[in-house]
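Reader: Please walk me through this structure, and give the cut-offs behind each term as you go.

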Amino acid sequence: MQLPWRAAPKAALSSPLTLLVSIVTTLLLGFVVAAAVLHSSSAGSAALAYQQSRMCPQSVHPSLDGDGLPLSTAVSMAARSDLGAAYTRIGRPDFSGIATYGRFGYRPDALAHLKVVEGGGTGLWVPQTIATAAHVKVGDKLTGSPLVVSAIYSDLAHPVSGWWCSEVQTVVPNPLGGDGESTSVIWVSQSSDLALLPQEFSSGATATLRFPTELPTTLADAEALREKGNALLTSLGLPLTRSDPLAGAITAARTAEGNVSSALLPLVIISVLVGLAGVGTVTVQWAQRRHSELRLLWVRGAGPLALGMRGVLELGLPLVIGGMLGLLAARLLLPAYGPGVVLAPGTLWVALGFVMLVVLLSLSVTVLVAAWRVHRTFQRRARTWRLAVVPWELVVAGLAVLAWVRLSRNGLGTAVKGAELPRIDVAALTFPLLVVLAAALLATRLLRWSLGWSHRVQWWQVPAAQLALRRLAAAAGPVTGVVLVGVLAVGTIAVGSAVAGAQQSSLDSKSGVFVGANSSVQVSQDVALGKVALPSSLQGTTTLVGVSTGALVVDPATFTDVAVLDDPAQVRSLLSNLRRTGEIAPALRIGRAANQETQVAGLPLLKPVAWLPSFPKLGTRGYVVPKDSVPAAEQVGSWHLWSSLPLSSLTSSLQAAGIHYTNVADRARVLDGLPFLTVEWTFGFVTAIGFVLAVVAAVALLLAIEVRRRQNAVSGALSTRMGMRPSVLWSSHLLEVGALALLALLVGALASFLSAGVAVPRLDPAPWLKPAPVLPDLVPLLGSMVSGGLIVVVAAAWLALRGVRTARMGELLR
């Protein structure tokens, strides 16, 4: 027979609620799939951007370096790059009969990036340290050369600007090193001036060839830049050493993108299956609404497959529209859930392809479910085999146990080295989510049983509670579905936020322990001996720390005000009790250090008298000694200033006071945070899925109440006519909806907090560094979820009462 094809799309308009549910279902399904693709691509770009932020901008393009060259050769080679520099070897230039260590150099536009102290113009630009040591003044002539000093500039020091970062090993001297090991550069104004230097500087020169370029934003751009740059260096044919740090950045970004993609894949597959199950539920509801028409078509000879195609004609367009809206939402909301906003070329087309795939799957599910429903209804009734009988919570709990075994054994994955990204074990990563799923399934099963027994409960002394309970029991199926999705939403949001927050705090804590404070610089022994006083601007924000092999020498009066400590009061108390009375110095024993008298080079005999599990800089092994217990500060290995200030503030204060320093360390940059960011980005997407599930739960609750609008209107109108006060009816609906929200919140929060609490310490990208990740403060998150739940509860109760207030009794009875 000929099916009424043209009438099908128009007939769908008679059930606007079904169309709305169809659009929302595939919207969320398309959002999840598209968001996973966009999130993975943005993770690769974000990883590349992070790696480049830790690189020198002028070293992104492949570069060349060479030393031990004739000076003329170095000059000619440097001229073949966009930004080439030539430096002489370190010698003893003579100005007015006073010679000191120094080297000469030329780099295009270098003079514009120096801070002039005196003079200017063209000629020799002498650093202030050399000018002070050799009593050089503007106008002095270099012995053995016609070159004349035209300016004195302030020496370059750490941290340098981006223009100098590629030359830092040459242009920034080590003031604490030996004579002749390093020195500042005396700059010439043009490369031809290097040929006018004394003969002693004509050999042993260094050349650096840089090629400044715009930083690539995507992995494809980075790979193209690297290939083009290496081809350029090959064409130059220079016998110099090639540097290609961009290769490591690309590899790390690719690994991060792959880790994120592989970690998201199981979650996306589960989400797609749940979404397709939702499409099947919508199709079943459509078949129930179209029962009479389907029966008529069946009697006239239409088969199950043909009637299934009728379902596609009605629901197909909403499913396609929902998928496209999901793709649009994923793109517009990328800044909210993604690690970045830069996408690789063609990513949107890939996302569109996956969205179309899930739309086709949704259409297939619609056909199959509709055909199955017709076959079961009109041809042969199959035996009822309910999936609810299967103990799914036990199955999921078993998977959670297996995931915990993997997590407890391997952590995030197999053993990795410090310079590698963690190879994420997806099975271990899913442990907290499996716990949440098992708790959700158990809670819904217990809820269904409880609602089945609820007819025995007699709470008529509290009419609002009794009516709420009876309404819940009458709609046990939708109620358990809403609770299941609600528990998953709360648990997923909590797990994702907890793990992501733990990664952020762990990176910060590990960096603090590694450096000891926010910033650190090595200073000379004169500071420890009191020969050089620290500037007043650093008082209260810095402390002096001596470092010997396996031991720290600290100042108890200032150490706890600056160092990164979990319990400063406890450390202050322990340090104040360390008072030397004889030849043996009392010390704090840290972690696994031997609990016996120990001799450390440069320190007196140490006797442990107290213990701490860990300590900044030492980690979990070493000793801590007060500075007063060290008789000879000059015998300590090295002395460092630890500061609570940013590195730039610390070094600027030292430069203003004329205090030399070296070996700078910045808490914000000392560790490669990409391993932590990879895990954080993964669980950031988990949080986004949780918000999607929260929207699903809220929409399902509101739609379930809207479907029961006529029932609520009849019962509510009759109840008010029989004397029930409107406030009691309002309380009844609040209790009904509030009980569901409270149950979902309690079960989801409890399961997620417990599972995340035991999993977070194991999800450590750098287990060789202490401390391990800890669960962050989740009270603000819990408060926001409670607030959101209250809004949904009030909206649902208002929706339920709307029909009661507007009902006409005569029409309801009719």
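Author: Happy to! A contact means heavy atoms within 4.5 Å. This is a predicted model, in which local features need pLDDT of at least 70 and side-chain atom pairs count only at pLDDT 80 or more, while totals for chains, interfaces and linings use all residues. Residues are numbered from 1 along each chain as its sequence is written, and side-chain values use heavy atoms, with hydrogens and water left out.

Reader: Which residues does His39 touch?

Author: His39 lies in helix α2; helices (H or I, at least four residues) and strands (E, at least two) are DSSP runs, numbered from the N terminus. Its relative accessible area is 0%, so His39 is buried (under 20% is buried, over 50% exposed, partly exposed in between, with a 1.4 Å probe and protein chains only). Leaving out residues up to four places away in sequence, the residues that His39 touches are Val260, Leu264, Tyr337, Gly338, Pro339, Trp681 and Phe685.

Reader: What share of the residues in the protein chain count as buried?

Author: The protein chain has 25 helices and 20 strands. Among its contacts with a separation of 6 or more, 79% are between residues 24 or more positions apart. Of the 814 residues, the share that count as buried is 50%.

Reader: How much of the accessible surface belongs to carbon and sulfur atoms?

Author: Accessible areas come from the Shrake-Rupley method with a 1.4 Å probe, and for residues only the protein chains shown count as cover. The accessible surface of the protein chain is about 37400 Å², and the part belonging to carbon and sulfur atoms is 61%.

Reader: Which cysteines does the disulfide join, and how many residues apart are they?

Author: The structure holds one disulfide, meaning a pair of cysteine sulfur atoms within 2.5 Å. Cys56 is joined to Cys165, with an S to S distance of 1.9 Å.

Reader: Which residues are linked with Glu167 in a network of salt bridges?

Author: The whole structure has ten salt bridges, each a side-chain nitrogen of Lys or Arg within 4 Å of a carboxyl oxygen of Asp or Glu. In one of them, the closest N and O atoms of Glu167 and Arg210 are 3.0 Å apart. This pair links distant parts of the chain, with Glu167 in the loop between β8 (149-153) and α5 (168-171) and Arg210 in strand β10 (residues 205-210), 43 residues apart. The residues linked with Glu167 in the network are Asp65, Arg107 and Arg210.

Reader: Are Glu167 and Arg210 buried or exposed?

Author: Glu167 has 1% relative accessibility, so it counts as buried. Arg210 has a relative accessible area of 4%, so this residue too is buried.

Reader: What N to O distance separates Arg254 and Glu257 in their salt bridge?

Author: Arg254 and Glu257 are separated by about one helical turn because they are three residues apart in helix α7. Arg254 is partly exposed at 38%, whereas Glu257 counts as buried at 18%. Their side chains meet in a salt bridge with an N to O distance of 3.6 Å.

Reader: Where does strand β12 find its antiparallel partners?

Author: Strand β12 (residues 519-523) is mostly covered, with five of its five residues buried: Ser519, Val521 and Val523 on one side, Ser520 and Gln522 on the other. Two strands pair if DSSP finds at least two bridges between them. Gln522 stands opposite His640 in β19, and Ser519 has Asp666 in β20 as its bridge partner. The antiparallel partners are β19 (residues 638-643), over five bridges, and β20 (residues 661-666), over four bridges.

Reader: How much accessible area does the nonpolar patch with Leu325 have?

Author: Patches are made of residues with over 30% relative accessible area and no salt bridge, like charges being joined within 9 Å and nonpolar side chains (Val, Leu, Ile, Met, Phe, Trp, Tyr) within 5 Å. Leu325, in helix α9 (residues 304-332), counts as partly exposed at 35%. Together, Leu317, Ile321, Leu325, Leu328, Leu332 and Leu333 form a nonpolar surface patch with an accessible area of about 560 Å².
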